[in-house]
Amino acid sequence: MKTAVIVFPGSNCDRDMAVALESVIGAKPAMVWHGDSELPADVDLIAIPGGFSYGDYLRCGAIAARSPIVRAVVEAAERGVPVLGVCNGFQVLVETGLLPGALMRNERLDFVCRDAPLKVENAQTAFTSRYEAGETIMVPVAHHDGNYVADEATLDRLEGEGRVAFRYAADINGSARRIAGVLNGAGNVLGMMPHPERRIEAAHGGTDGRRLFEGLLETVGA
Amino acid sequence: MKLRVVVNLKPGVLDPQGRAVQKALTGLGFAGVGDVRIGKVVELDVADDTDDAAIDEMCRKLLANTVIENYRVERV
């Protein structure tokens with residue numbers, strides 16, 4: 001299974017993501033620099049990591065979403081290649097328009113950095129097949145701009161189509177309907193604020209994040 | 001040609017920063033401060049023959065996120 005991690009100036013979870021992918025999948029991901037315009041051929045999974053791409057200038061993820069490599073990511077996503085965006089990666093994905101809505105400053109203006117219990121809403125996706133629907137998992141969050149907003153019609157559509165993958169068990173940042181992770185219509189693009197790559201082995205305090213990558217290995221790598 | 005693009009949150013989009021500033025102003029003793037909304041101003045120096053369509057496209061494609069923001073262009 002060939003994976004790629006996109007690296008922007010200001011990314012800071014790219015190495016965590018690479019370690020997580022290698023640990024579960026057994027092969028090192030290609031680290032792809034933002035100025036490149038091509039992804040590795042036959043890539044099976046693209047991860048956009050957390051951090052502060054381009055210093056969060058203009059809006060979080062705004063500049064990254066217009067970088068050469070992200071144009072290639074959008075094309076790959078439209079062909080059906082699975083794309084996982086975590087934290088800043090989620091912000092990049094909404095800025096590209098691959099995912100609906102926007103991520104605004106946390107409602108209480110605080111940087112939220114802690115473990116967050118998440119409810120798995122949809123366990124029938126390439127990303128969530130190792131979870132049970134309705135299960136509560138523990139995954140850390142670390143963000144200042146994770147307050148998910150979309151208009152009511154969009155939120156209703158996301159809920160109706162099973163595109164809310166994860167929901168915070170309790171409100172942490174003001175997100176509409178406590179949404180923590182959303183899928184695109186085809187189900188091959190997931191954006192989430194919590195960091196599954198930070199819960200890969202017992203020494204991290206748990207392995208709930210590892211199961212997301214194990215699910216991808218099973219569904220995408222097969 | 002100098003342009004000033006004013007980007008504001010759409011009505012109805014909660015502005016936590018604006019609300020914090022409103023509370024701080026009230027705390028400083030300024031009575032009667034109602035809603036506060038924080039936006040941003042982008043000043044651009046563009047070629048004189050830049051047409052309106054191109055300017056509008058710059059706003060829609062990058063300067064504003066039209067999911068949550070409105071924009072207006074002023075010629076300085």
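**Questions and answers on the model**

Visitor: Is B:Thr50 buried or exposed?
Guide: The relative accessible area of B:Thr50 is 17%, where buried means under 20%, exposed over 50% and partly exposed in between, with a 1.4 Å probe and protein chains only. By that rule B:Thr50 is therefore buried.

Visitor: What pLDDT do side-chain atom pairs need in order to count?
Guide: Residues are numbered from 1 along each chain as its sequence is written, chains are lettered from A and ligands numbered from 1 in the order in which they are written, and side-chain values use heavy atoms, leaving out hydrogens and water. This is a predicted model, in which totals for chains, interfaces and linings use all residues, while local features need pLDDT of at least 70 and side-chain atom pairs count only at pLDDT 80 or more.

Visitor: Which backbone oxygen does the side chain of B:Thr50 reach?
Guide: B:Thr50 is found in the loop between strand S2 (40-45) and helix H2 (52-63) of chain B, helices (H or I, at least four residues) and strands (E, at least two) being DSSP runs numbered from the N terminus. At 2.6 Å, its side chain reaches the backbone oxygen of B:Ala47.

Visitor: Which strands stand at the edges of the sheet in chain A?
Guide: Nine strands of chain A form an open sheet with mixed pairing, in the order S2-S1-S3-S4-S11-S10-S9-S6-S7, where two strands pair if DSSP finds at least two bridges between them. Two strands have a single partner strand each, so one side of each is left without a neighbour in the sheet, and these are S2 (30-33) and S7 (136-143).

Visitor: Which residue stands opposite A:Val164?
Guide: A:Val164 is considered here with strand S9 (residues 164-168) of chain A, which is mostly covered, since five of its five residues are buried. Three bridges join S9(A) to strand S6 (residues 112-120) of chain A, running antiparallel, and three bridges also join S9(A), again antiparallel, to strand S10 (residues 179-183) of chain A. In S10(A), the residue opposite A:Val164 is A:Val182.

Visitor: How many disulfides are there over all chains?
Guide: A disulfide is a pair of cysteine sulfur atoms within 2.5 Å. The sulfur of A:Cys13, a buried residue with a relative accessible area of 2%, is 6.4 Å from the closest cysteine sulfur, in A:Cys87, which is too far for a bond. The sulfur of A:Cys60 is likewise too far, at 8.9 Å from the closest cysteine sulfur, in A:Cys87. Over all chains, the count of disulfides comes to zero.

Technical notes
A polar contact is a pair of N or O atoms within 3.5 Å; within protein, one must be able to donate a hydrogen and the other to accept it, and residues adjacent in sequence count only if both atoms are side-chain atoms.
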